[in-house]
Every structure is written in C-alpha cells, then in structure tokens.
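Biologist: Please put the chain on screen. I have a few questions for you.

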Amino acid sequence: MMEEVKEVASSALSVSAHNIKVMEVVKDRDALTFLIVSQKLSGTGEYHVDRTYDDFEWLQQHLFSQEDVPGIQGVIFPPLPAKAQVTSSAKVIKQLGFLAVGQEWQPYCMALETYLRLVAAHTTLNKNNGLEVFLTSSEPPGRQKVRKNLFNRLSQAVEGMRKEGHRDVDEFFQNQRDLNLTLTGCTKTAAERFLDVVLTEQKIAVACRHFSTAIHLCVEPGEEPDKQAFAKICVKLTEVFESLGKNTMKVAENNVCTLGLGLDLESRYQEAEKEMLFRRTCKLVELETARRNAERAKPPKKAAMEEQKNEAEKEFDHISGMAKQEIARFKSVRVKMLQQALVQWCEKQLVTARENADCYSQHLQAFRGMV
C-alpha cells in the first residue's frame, strides 16, 4: 500500500499535462480498469498505470481536501464524469449521456482523459501530490480512506436551499450566478437534444442493416432471366442499404466524439461553476452571521466574536479573489473547448460526407451498368 498522500505539496508535476492519455479500458465482470499513460517531462520515458473509478474518486477527493490552500473553495474544479455502468440501459444513458454511447467505452475514456489533462494544467490543483501519485505510482490509491472535508459539510440539502437564493452583496457574483443559471439550463437542453439526434441516427443505422438483410432474403435461385435480374437488383440494394447503415453509424460516432463530448463537458463544467458559486454564497452567509454576532456580543465575548468575524472576512476575501480568477479563466477555457469541439465536428463530418458521396457514386454507377 502506498504512503499517505500529503494534502499540498510544493513539488512540480513530473509529467506533461498535454500528454496524458487513457489508452484503453479492461472489463472485469462489473468493474472497469483504465490504462493511463503519461509522458515524463524529462522526455526519458512514460508512466503506465492501471486505475479504477474508485481511484479517480480518490484523486478528486484529495483535490477537494486542500483546506490549507487559501481560497480553495473559489476553485472551479474540473468535473469528474459519473461512474460508468457496465450494463447499458435507458437509465444509464440518461445518467451518462454521450459517455454511455459508443464502442468499447471510447467516449468515456476520452472524458476521463480530458479530466486528467484539465487537472494537470490547473496551476493550483497540479501542486497537489495526490495527482503525482495517481499518475505515476504503480500501486492503486483508491482503497485509502480520505477524511471528509469542508465540501462534505457544505452539502446539506436544507441549508443549501436556504442559502442558494441568498442575494449576493457583490453585483459581479450575483450577475455571474444569474448567467450560470441560464447557461446551465441551455447547455443541458442542447446536450439532451443532440443526444436524441445521435440515438436516432443509431436506430436508423440498425434499421438499414435489418432492411438490407430482409432484401437479401428475397433472392431466389433460378435460371430464368427475370429471376436472375431481380436477384442482381436485390443484391445491389442489399449493398446500398448496408453502406447506408455503416455511413449513418459513422456520422453518429463522429457526433459523439466531437460536439457530443464538447457539450457534455460544457454542461458538467457549468455545474462545477454553480457549485463553486454556491460555496462562496455559503461563506457569505457565514460572514454575515459572524458580523451580526460581533455587533450583538456582550463585552466578555466581544473580543472573541471580533476575531471570528475577522477570520471569516479574511477567508471570504481569499475565496472571492480566487473565484474571480477562476471565472475569468473558465470563460477563456470554455470558449476554446467549444470552438475545438465544433471545428472537429465540422472536419469529421466533411470527411465522412466525401466518403459517403464517393460510396453512393459507385453504387449509382453499378446500377447504371445493370440497365
């Protein structure tokens, strides 16, 4: 068992943030194990580690637990995808969205890869030694118990409902909360609608293949010229619908691995920003309570209440300062991520469209030759 990880470490990450890859996934009954390869900064080799989802949760918990880092509650933490389910169902697709669609869990691996790269590129989070251990240690960290931290204590449902509607004293953050509420809903709706498109494309692809098989069953052996001509047409139609099914499935796969994953990440990141803004609102409520207590305190307790108020103000200022930096950074990152997803989507679809046009042109020429 590996040594206990320190909450904050000053050592720099020894791997390149842009060369972290989730290469493959191995299924063992109801568990999935992911092979992660990281390029050493020194350029002398690579780290190869096997990690389960429990290990990813362990890493996320260690990132949350950096209570000694000033303003840590103002960080917009890269969102970890929900746990994958080996069995596919409507419930799983509703929970995971695009991450549950695709072959051999490729979209899910890509989402985990993006998560690790975002954490490794974050100037605050990449200083946590837990990330170094996760990417380089040969032993799995997920079985270690991680103590509950400030984020667990903030997740009380009743208190959350009360504080979520609390008016912010800073107009910047109030506007950001209102904007986030709108964007969260719009992004989620866009992702759901695009997922419906992909699922429909997959159904069309399957239907085309079934129809292709049905046409093939119409072929009857015989020496008569009419039967032979009909058989040739059926065989060619079978090939056309088989190609149509393959091409439609390829379009669906392109949609998932480009714009689909982009919308999924955008939706989860908006939720992560919402959580950060909520944590800051909770601290605002605590600060206002501390100020009232200091004002009403009797002389024997006045000094203690003032000290608590000062500590709350200091912590709140750290969180607000970090939050403003994170929001500015997030706006820049999300624009680049969506732009990249859209560009990749267009490029993939153009390539597929050209391939489809060539394929259909060949089928058309074959039909003309039969006349």
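**The chain and its helices**

Modeller: Of the chain's 371 residues, 45% count as buried. Keep in mind that this is a predicted model.

Biologist: What share of the contacts with a separation of 6 or more joins residues 24 or more positions apart?

Modeller: Take the contacts in the chain with a separation of 6 or more. Those between residues 24 or more positions apart account for 76%.

Biologist: How far does helix α3 reach from its first C-alpha to its last?

Modeller: Helix α3 covers residues 106-121, which is 16 residues. At 1.5 Å a residue, 22 Å is expected. The reach is close to that, at 22 Å.

Biologist: Which tyrosines of α3 are buried?

Modeller: The buried residues of α3 include Pro-107, Cys-109 and Glu-113. Two tyrosines are also among them: Tyr-108 and Tyr-115.

Biologist: Is Asn-356 buried or exposed?

Modeller: Asn-356 sits in helix α9, residues 299-370. Its relative accessible area is 12%. The cut-off for buried is under 20%. Because 12% falls under 20%, Asn-356 is buried.

Biologist: Which residues does Asn-356 contact, leaving aside neighbours within four places in sequence?

Modeller: Contact needs heavy atoms within 4.5 Å. With neighbours within four places set aside, the partners of Asn-356 are Asn-247 and Val-251.

Note on methods
Residues are numbered from 1 along each chain as its sequence is written. This is a predicted model: local features need pLDDT of at least 70, side-chain atom pairs count only at pLDDT 80 or more; totals for chains, interfaces and linings use all residues. Side-chain values use heavy atoms; hydrogens and water are left out. Helices (H or I, at least four residues) and strands (E, at least two) are DSSP runs, numbered from the N terminus. Buried means under 20% relative accessible area, exposed over 50%, partly exposed in between (1.4 Å probe, protein chains only). The expected span of a helix is 1.5 Å times one less than its number of residues.
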